[in-house]
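This report covers sheets, helix packing and a ligand shell. The sequence and the structure come first.

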Amino acid sequence: MAFLDVRDLRVHFETDDGVVRSVDGLSFSLERGKTLGIVGESGSGKSVTSLGIMGLHKGRSRSRISGQIILDGEDLVAADPDHVRTLRGQKMAMIFQDPLSAMHPYFTIGAQIVEAYRTHNQVSKAVARKRAVEMLDRVGIPQPDKRVDNYPHEFSGGMRQRAMIAMSLVNNPQLLIADEPTTALDVTVQAQILDLIRDLQQEFGSAVIVITHDLGVVAELADDILVMYGGRAIEYGTAVDVFEAPQHPYTWGLLGSMPRLDRELRERLTPIKGTPPSLINLPSGCAFSPRCPYTRDDCTTISPLLPTQGAHRVACHLPTAQRAAIFADSVAPA
Ligand code: SF4
Ligand code: MG
């Protein structure tokens, strides 16, 4: 069994307008020391997946969760919420897009790291403070012994993200989830933060999930990639396979919106038009069919399922050979 094994995960929310199926039958696994990139547009279910793993979906409206989230042999879906709370911040931790919203504005950075550390370790404040300074130093905050007494607003965006990473890692979590960790940052700082996450992962050997709408973010970071659409996985494989031989028309579109790609390739991989589907009322058949340029008859009636086996899996009705031909055609030199 893998270190993290997610099986047929469903996270639904009951609303006055109907049931929102944010995550609807998701399965994947992750080993220690590996990084999984979960990619999709907003509303694809990727953030709710991470909230479900962390046991944080419950704070939202009427929610229902089913399936299994087996972390190190223990099913978090079946576990007692108090127990999951103990694991959070200790065995698993999360980095959010916007550190300002995750940090308390009235407490110093140091006080918040000390609190995170002392929640799970019976140590004196002085010992915890020393640990906070060490962690700030480790994530590249200059003069950490002074900056430890700053408030979040006294840090730049990039430094705040570093401080949040320090706070997440203070208890050596074995699973780290980073949800859009660099979206709010400028490109240079983004690259630095991604380097930092990679270095820390190698040092701590944790399993890392990076959630993003931008395939570019996970291009160099992820071992495996899972592409989500309409609350389901539509493509799942190694990063090498997904980048070099993407199989799903939606993934082609995502690649087409990657600014870092070669311009000619990007123009040929047309970005996807239209908007993500409503999670209350998914289109029948393939949820991507209203936006897909390759729709066939069965696409609007039969929902394509992601195979449960195989190194590179895709949920699409197109025959493999045809898919390969379309992709080869789209990337062939003019
Ligand atoms: Fe397009 Fe049909 Fe494949 Fe869906 S199943 S991605 S509509 S070709
Ligand atoms: Mg999100």
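Two strands count as paired if DSSP finds at least two bridges between them. In this predicted model, 7 strands form an open sheet on that basis, in the order β6-β7-β8-β3-β9-β10-β11, with mixed pairing. The edges are held by β6 (92-95) and β11 (313-314); each has a single partner strand, so one side of each is left without a neighbour in the sheet. Within this sheet, β3 and β8 run parallel and share 5 bridges. Val-39 has Thr-212 in β8 as its bridge partner. Helix α11 (residues 249-256) packs on the sheet and touches β3, β9 (224-229) and β10 (232-238). The direction of α11 makes about 105° with that of β9.

An open sheet of 4 strands, with antiparallel pairing, has the order β2-β1-β4-β5. Here β2 (18-30) and β5 (74-75) stand at the edges, and because each has a single partner strand, one side of each lacks a neighbour in the sheet. Strands β1 and β4 are antiparallel and are joined by 9 bridges. Val-11 has Ile-65 in β4 as its bridge partner. Helix α1 (residues 46-54) packs on this sheet, in contact with β1, β2 and β4. Its direction makes about 70° with that of β2.

| Strand pair | Residues | Sense | Bridges |
|---|---|---|---|
| β3 and β8 | 35-39 and 207-212 | parallel | 5 bridges |
| β1 and β4 | 4-15 and 62-71 | antiparallel | 9 bridges |

In general, strands of a sheet pair through backbone hydrogen bonds, in either the parallel or the antiparallel sense.

A contact between two helices comes next. The axes of α5 (residues 125-138) and α7 (residues 157-169) come within 9 Å and cross at roughly 130°. That angle is why α5 counts as oblique to α7. The crossing of α5 and α7 is right-handed. On the α5 side, Met-135, Leu-136 and Arg-138 take part, meeting Ala-163, Ala-166 and Leu-169 of α7. By class, the residues of this contact are 5 nonpolar, no polar and 1 charged.

The last topic is the ligand. Which residues come nearest to ligand 1? Of the 14 residues around ligand 1, they are Cys-286, Ser-289, Cys-292, Cys-299 and Cys-316. The shell around ligand 1 divides into 9 nonpolar, 4 polar and 1 charged residues.

Conventions. Residues are numbered from 1 along each chain as its sequence is written. Chains are lettered from A and ligands numbered from 1 in the order in which they are written. This is a predicted model: local features need pLDDT of at least 70, side-chain atom pairs count only at pLDDT 80 or more; totals for chains, interfaces and linings use all residues. A residue is near a molecule or strand if its C-beta atom, placed from the backbone, lies within 6 Å of it. Ala, Val, Leu, Ile, Met, Phe, Trp, Tyr, Cys and Pro count as nonpolar, Asp, Glu, Lys and Arg as charged, and the others, Gly among them, as polar. Axes are lines fitted to C-alpha atoms, for helices over the stretch in contact, and angles run from 0 to 180 degrees between N-to-C directions. Angles under 35 degrees count as roughly parallel, over 145 as roughly antiparallel, 65 to 115 as roughly perpendicular and the rest as oblique. A crossing is left-handed if the near helix is turned anticlockwise from the far one by less than a right angle, and right-handed if clockwise. Two residues are in contact if their C-beta atoms, placed from the backbone, lie within 7 Å.
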